Amino acid sequence: MSEIFKPARPAAVAEVLVQAKGAIEVRGRGSKRALGRPVPEGLAVLDLSGLAGITLYEPEELVMSARAGTPIADVRAALAEKNQELAFDPPDYSGLFGGRDAGTLGGAIACNLSGSRRIKSGAARDHILGFAGVNGRGEEFKSGGRVMKNVTGFDLSKLIAGSYGTLAALTDVTVKVLPRPEKIRTVLVFGLAADPAVGVLRESLGSSHEVAAAAYLPQDVAQTSAVDLVARAGASVAALRIEGHGPSAEYRCRALKGVLDGRGATEELHTQKSEIFWREVRDVAAFAADPVAQIWRLSVPPADGARVAGAIAARLKGRYFLDWGGGLVWFALAPLPDAGAEVVRSVLPPDGGQATLIRAEAGVRARVAVFQPLPPALAELTRRVKEGFDPDRRLNPGRMFADV
Amino acid sequence: MNLPAFRLDDGFLAALRAIAGERVVTNAQVRERHGRDESHHPGHPPDAVVFARSTDEVVALVRACAARKSPIIPFGVGTSLEGHVAALNGGVCLDLSQMNRIITIRPEDMDASCEAGVTRKQLNEALRDQGMFFSVDPGADATLGGMAATRASGTAAVRYGTMRENVLSLTAVLADGRVIRTSRRARKSAAGYDLTRLFVGSEGTLGVITEVTVRLSGIPEAISAAVSAFPDLESAVNTVIATIQTGVPVARIELLDDVQVRAINRYSKLAYREAPTLIFEFHGSAKSVVEQVETVEALARDFGGADFQWAIQPEDRAKLWQARHDAHYAAQALRPGSRGMATDVCVPISRLAECILETRADIDRSGLIAPIVGHVGDGNFHVIFVVDPDDAGEIRRAEEVNERMVLRAIAMDGTCTGEHGVGYGKVGFLQAEHGEALSVMRAIKQALDPDGIMNPGKILKP
């Protein structure tokens with residue numbers, strides 16, 4: 001049984017790291033514990049879920065600070081009261097990983113997870129203004145602040161986002177929040193094959209109608225939706241999200257349909273149905289029902305999305321869908337000893353693309369590179385950055401790369 | 001600065017010449033010009049200036065410098081504002097302005113890859129017929145490499161972001177000559193630490209940026225601008241807060257105080273009311289722009305805004321923004337023979353009016369002339385001290401007011417620099433603002449540049 005430390009105040013985190021010897025597993029509510037490489041068994045655990053609570057919320061300034069262990073649900077509830085939201089829309093992977101809920105704010109930042117509006121609103125890392133945490137030496141430090149612009153030295157916030165707890169144990173996070181759009185509309189275009197569908201997504205994103213998200217679900221994925229119009233279409237669905245003030249959203253929706261005239265039958269979802277639909281896309285709900293499928297997430301140039309998905313589907317049995325205008329490929333496949341890593345990574349375009357193994361059993365994640373292997377110079381730089389924060393490799397060792 | 005002074009010897013010079021031939025320059029005038037930027041901070045000339053032409057050449061030059069432990073100071077066009085390019089203890093200035101090739105523009109991905117010496121205007125010129133533009137617009141026609149290194153921003157940051165959001169990937173030469181290329185076209189998620197962002201804003205202290213891929217934005221179908229005068233600063237700031245609250249996607253919101261309006265009126269022969277003034281710009285479809293203007297006009301009226309004017313004609317809009325961009329020159333023209341000393345702080349927007357008013361009172365007590373302009377959507381503002389460059393006492397008084405303003409901003413949970421950066425001008429304020437984080441920054445610096453040869457004395461004290 002691992003020793004578990006659960007500090008109740010930020011200062012106690014540093015004390016734990018000073019007292020506890022050796023490596024330690026850093027986690028929040030554990031909702032994404034199965035994401036990334038497994039850390040060695042038997043490590044002591046630094047459980048940050050006791051550091052909860054919103055410490056500053058200034059709706060007028062669009063700023064919120066909270067303890068790192070604050071549940072995302074609490075953050076969302078507080079924001080909703082003021083008609084605001086986290087524009088990066090952190091996903092809830094409890095369906096994928098069997099967790100209790102969407103986890104913590106610190107966890108969303110540490111894993112840099114963002115929803116479908118990523119293409120317009122930016123990633124988690126684009127919304128973090130500052131943080132406080134403790135590095136591997138047990139030193140408390142903070143970086144950034146609560147103002148929108150800040151050029152005081154190295155941008156440590158951006159480095160912390162997506163570092164999976166390998167650089168610092170976060171204690172506090174300050175994020176930019178945004179007004180929630182009054183209306184959401186979704187334009188659906190039915191029956192397109194992947195290639196022309198991506199054309200439609202990209203053309204829509206390039207239009208002046210401010211499309212906020214663009215996804216494509218082949219028929220076998222669309223039919224799992226809880227939204228009737230999507231599930232019963234009996235065809236693939238290309239979906240375009242438009243949001244904003246009521247009249248403006250309605251107008252842009254009509255105008256976009258005009259642009260897409262002749263591409264296929266169209267339908268429209270209103271706010272409530274749109275919310276359900278985009279939540280499904282964000283949370284990868286279509287793949288949650290199959291508990292053993294191995295799941296990949298590929299980030300590619302949007303123009304390559306359909307080709308990459310097709311190339312994997314031609315060699316491995318599975319299902320896929322596209323988000324981020326074609327730039328994000330989700331692929332679920334029947335379990336394989338190497339999770340199909342060789343095939344998946346071989347179809348990435350040579351000048352850009354990353355494949356992350358989002359879900360597989362621990363043994364597979366220990367054997368197969370979960371994150372895209374880095375070229376030697378970047379790998380070396382990564383090790384040096386890690387050394388700058390955590391020279392003894394105490395924080396989540398091996399969670400991202402075997403030697404980091 | 002207590003850095004060991006570096007000395008250039010003949011052997012080292014020959015090693016540099018073997019790489020870059022006649023593009024290694026030791027002429028005093030050229031060195032002088034490369035040791036200072038557009039700020040009031042004293043210049044420090046490097047021992048030699050090398051005009052590099054390719055990443056490979058930069059690698060060879062960095063290796064040669066590393067072998068001699070010579071400082072390396074990257075240089076674009078020298079428009080930084082906190083002494084970023086000063087060779088505080090000598091060494092070699094790497095001038096990248098001849099690396100000015102636009103490598104690829106990818107309209108389908110809305111991005112462009114450029115060598116570090118390409119300037120923002122050069123890029124926008126190349127984009128002119130493609131329906132796209134590069135949105136970051138600091139006053140100067142800076143290089144993309146320099147803008148990435150200083151994490152530059154501009155007037156449209158409130159909508160389009162700063163270099164932080166607009167640099168997608170880059171190529172950098174590290175202190176040991178190793179070349180790294182961060183995430184290229186598939187930029188939506190880095191496959192490890194976000195090293196691109198680590199280099200953005202590192203001010204040449206971690207490596208030499210030789211290539212930058214930037215995000216491009218679509219030229220909006222319609223653009224409109226508006227200007228409104230307010231009875232006082234609070235009313236202007238409250239209008240800005242209300243505007244952002246309602247989610248109106250304003251592209252630009254600039255504040256000019258009454259002194260600056262007077263300066264602009266005189267300089268640009270305009271006749272705006274000499275009161276705190278906001279200038280807005282709206283981007284979008286024709287219909288959405290009209291909606292945005294109407295919403296903002298109603299808000300401005302609620303807060304006592306007067307003389308709300310729309311400038312829809314491109315020439316009217318150009319005139320308005322030219323006046324804003326000329327703020328610095330207009331300020332200098334308030335006092336012939338003077339020089340403008342630009343400052344830069346950023347505070348939470350709820351404290352903005354308070355911070356500006358206290359600063360204004362401090363300026364008035366000091367007897368200095370100093371208009372104020374601000375990118376208020378971000379809580380960022382600049383005082384332009386109009387000083388006599390030969391009057392050391394006056395410059396000192398301006399520096400004192402600046403120091404109090406910076407400490408005031410930090411005390412209000414703000415920052416000592418919203419967009420100009422640290423250079424060596426603000427090294428001292430960093431401790432006040434960051435405390436312990438500096439040791440973490442220092443550890444990163446140590447890990448990447450153990451000999452401390454990359455632009456020494458900037459961001460971190462040696």
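Colleague: Which domains does the domain assignment of chain A give?

Modeller: This is a predicted model. In chain A, domain 1 covers 1-180 + 373-404, domain 2 covers 183-282 and domain 3 covers 290-371.

Colleague: How many Å separate the centres of domain 2 of chain A and domain 3 of chain A?

Modeller: Taken over C-alpha atoms, the centres of these two domains are 24 Å apart. Their contact draws 14 residues from domain 2 of chain A and twelve residues from domain 3 of chain A.

Colleague: Which elements supply the side of domain 2 of chain A that touches domain 3 of chain A?

Modeller: At least two residues each come from helix 8 (194-206), strand 12 (211-217) and helix 9 (219-222) of chain A. Helix 8 of chain A gives the most, with six residues. By class, this side of domain 2 of chain A has eleven nonpolar, no polar and three charged residues.

Colleague: Let us turn to the contact between the chains. How many residues does the contact take from chain B and from chain A?

Modeller: Chain B contributes 72 residues and chain A contributes 64 residues. Several elements of chain B each supply at least two residues of the side that touches chain A, among them strand 9 (179-181), helix 11 (286-302) and helix 14 (349-366). The largest share of that side, nine residues, belongs to helix 17 of chain B.

Colleague: How does the side of chain B that touches chain A divide by class?

Modeller: That side of chain B comprises 28 nonpolar, 25 polar and 19 charged residues.

Conventions: Residues numbered from 1 in each chain as written. Chains lettered and ligands numbered in written order. Predicted model: local features only at pLDDT ≥ 70, side-chain atom pairs only at ≥ 80, totals over all residues. Contact = placed C-beta atoms within 7 Å. Helix = DSSP H or I, 4+ residues; strand = E, 2+ residues; numbered from the N terminus. Nonpolar A, V, L, I, M, F, W, Y, C, P; charged D, E, K, R; others polar. Domains from an automatic or database assignment.
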